[in-house]
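Please consult the sequence and the model while reading.

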Amino acid sequence: MSTIEEARSYLENYDGPDFRIMEVCGTHTHEIFRQGIRRILSPKISLISGPGCPVCVTPVSFIDEAVYLALEKGCTITTFGDLVRVPGSKMSLAGARAKGAKIKVVYAPFDAVKLAQDNPDEQVVFLSVGFETTTPSDVIAVKKAMNAGLKNFSILTANKTMPGAYEAMGKSCDAFLYPGHVHAITGTRICKDMCDKGVSGVIAGFTGSELLTALAVAVKKHSEGKPFFVNCYPRVVKDEGSPAAVAMVDRFMEPCDAEWRGIGTIPMSGMQLRDEYAEFDARKKYSVPDLKPEYKTACRCGDVLQGKITPNQCPLFGKACNPDHPVGACMVSDEGACSAFYMYGGDL
Amino acid sequence: MSDVITLAHGSGGRKTSELIAELFKKNLGNEYFTADDAAVMPRPEGKIAMSTDGFIVSPWEFNGGNIGKLSICGTVNDLACMGAKPLYLTCSYIVEEGFPVADLEKIAQAMGETCKKAGVKIVAGDTKVAGKGQVDKVFITTAGVGVIADGVNLSGANAKPGDKIIVTGDVGRHGTCILLARDEYGIDADVKSDCAPLWDAVEAVLEVCPEMHVIRDATRGGVGTVLYEICDQSGVGIDINSEAVPVAPEVRGVTGMLGLEPLYLACEGTMVMFCPAEFADKVVEALRKTEHAKGAAIIGEVTAENKGRVVMTTSIGGKTYLPQPGNELLPRIC
């Protein structure tokens, strides 16, 4: 019997104490649904899709700021495609585009730098969202722009870091399925510290078999009754992480409080450019006003992200809110819990 | 003849005649190819099928073919999906002013070669030239007529629970090829379009299984879209095994990197067939003997449960819905 079959059979037949494990990575969420993993698990094991999709946790005010820069300041907004359809308090970036704003989809922050280089008459702003995995490429983009002497490139930051979220969500679950790529950058120290504080977790890779293995390890460890941490993705995640990437980010950015859509403000869970790089910080460069939007919605993305409800328990799910007309951010990105649940039939 | 297409080539005058004689007739000519207002052919025996399709693929030339070859395969395969042996085609070009004549010749050549392979004749055509910028290089529309053998009754509404589902080859190659040809992602990979005429494959299949229920060309939207269409039309469910779906390693590599599902990428030489279970192995065997269906495989079956849904068994034994077809991933793929 292969290890995978063993893991699957263990997870299928598990009959120990109830176990709630939260994945905090959008790619994990997507892959778990795509591989039909929830259906394999014994009813004693529940998976919660936590706040790990960068698009899903990007607050309404951030979209409003981007719309402000596009419409009021005439900036060219460059962004990953997912963000274009995320609702702001008045409109999404797609809505702003319909009003004449210049919104361009790029696949990497460097594409935005190149756009600025090729179009010196345009003020290019890159929407810098994401976790530890993508932040290094955002600051490298700033470095490139700086070295090229560009005066027409800046970034609007909503970068986030995971440790604050782990602490904030620790009570929502029995253990975390830690995101492999985040810890490839940050290393395993944070997870060990969490374990010392009584918060358990395993670092998982991204293929179906890596996910099954990590889940089986977590369930087994949990039934032993002590806080645990296991790195189940050692081929990529080293204890020390990537010191070069960490140092690069540290040179350009510093921690700040950050708002997570649906969850609220988590202290020191965001990253912003240091003062000496203010000319590349769109918020400072264009004196973006402090937008505190009033935004009322029946959308329960926040409860979904905290594992309080499953997506189909939201009154809007599949009705007013679907991938063609997303109300909440979790329905926009393929990595969002609601979108994955809808697409792959979480209720199958 | 001049080097580039000018508005005069579409005027209907001397330049047009020159173009027809030197370029189209040379490559596409046959006994019915006409200079008159309409082509005249003998009436075929049996029911006829008729279809038309427009082609606007960008770029017009790609690894494994060009818009000319594609315009023949598209219509020939649409006819074949109804069990119709393709007989005659018409083609209409809209060419942008300034398009190189040598490139148009390449297109006509590819059309001529593909017609020969498919056993079909172009009997009438039309050429219009649009001003610079009014069309992107060249657009082609083909229409075709084919004849259906007695007893053959194919339709998307015919799938029955228990039917086996067969693909005639590996999936997603044309879509991946075009995506790479656009060079927007900076990925270098050798992916050749599967663009091919498939009448011979269909003919071989109907010989061993005249009771075949459904044949459909997995073009825009790929195999995944076809599966959902048939679920809807026939009022059934579908179970597929993701491990059984053939995907070329180079396609798997590119789609894996970009997070795309090969089942939703276009094919231009791959069909999906639904046949009574007892014929499935024979059909696959017959397909594998034909030039463009050597990779034929059974990927799943029709169920009475889960009406309207495609359920996929994943490589680790999980079950999940194949997502419903969404927005077109890439515009102008064919």
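## Contact between the chains

A salt bridge is a side-chain nitrogen of Lys or Arg within 4 Å of a carboxyl oxygen of Asp or Glu. By that criterion, the count between chain B and chain A is one salt bridge. The side chains of A:Arg34 and B:Glu261 form a salt bridge, at 3.8 Å from N to O. This is a predicted model, in which local features need pLDDT of at least 70 and side-chain atom pairs count only at pLDDT 80 or more, while totals for chains, interfaces and linings use all residues; side-chain values use heavy atoms, with hydrogens and water left out. Residues are numbered from 1 along each chain as its sequence is written, and chains are lettered from A and ligands numbered from 1 in the order in which they are written.

Contact (heavy atoms within 4.5 Å) involves 17 residues from chain B and 18 residues from chain A. The buried area, that is, the accessible area (1.4 Å probe) that two parts lose on being put together, summed over both, is about 1,300 Å² for chain B and chain A, with 59% of it on carbon and sulfur atoms. On the chain B side, B:Ile316, B:Lys319 and B:Tyr321 lose the most area to chain A, together 44% of what that side buries.

Helices (H or I, at least four residues) and strands (E, at least two) are DSSP runs, numbered from the N terminus. B:Val310 belongs to strand β12 (residues 310-313) of chain B. With 0% relative accessibility, B:Val310 is buried, a term for under 20% relative accessible area (1.4 Å probe, protein chains only). Leaving aside residues up to four places away in sequence, B:Val310 touches B:Leu227, B:Tyr228, B:Cys231, B:Ile238, B:Ile240, B:Thr320, B:Tyr321 and B:Leu322. B:Val310 and B:Ile240 are 70 residues apart along the chain, and their C-alpha atoms are separated by 7.2 Å.

Helix α1 (residues 14-28) of chain B contains B:Leu19. B:Leu19 is also buried, at a relative accessible area of 1%. From B:Leu19 to B:Ile5 the C-alpha to C-alpha distance is 9.4 Å, and the two are 14 residues apart in sequence.

Methods. Buried < 20%, exposed > 50% of the residue type's maximum accessible area, 1.4 Å probe, protein only.
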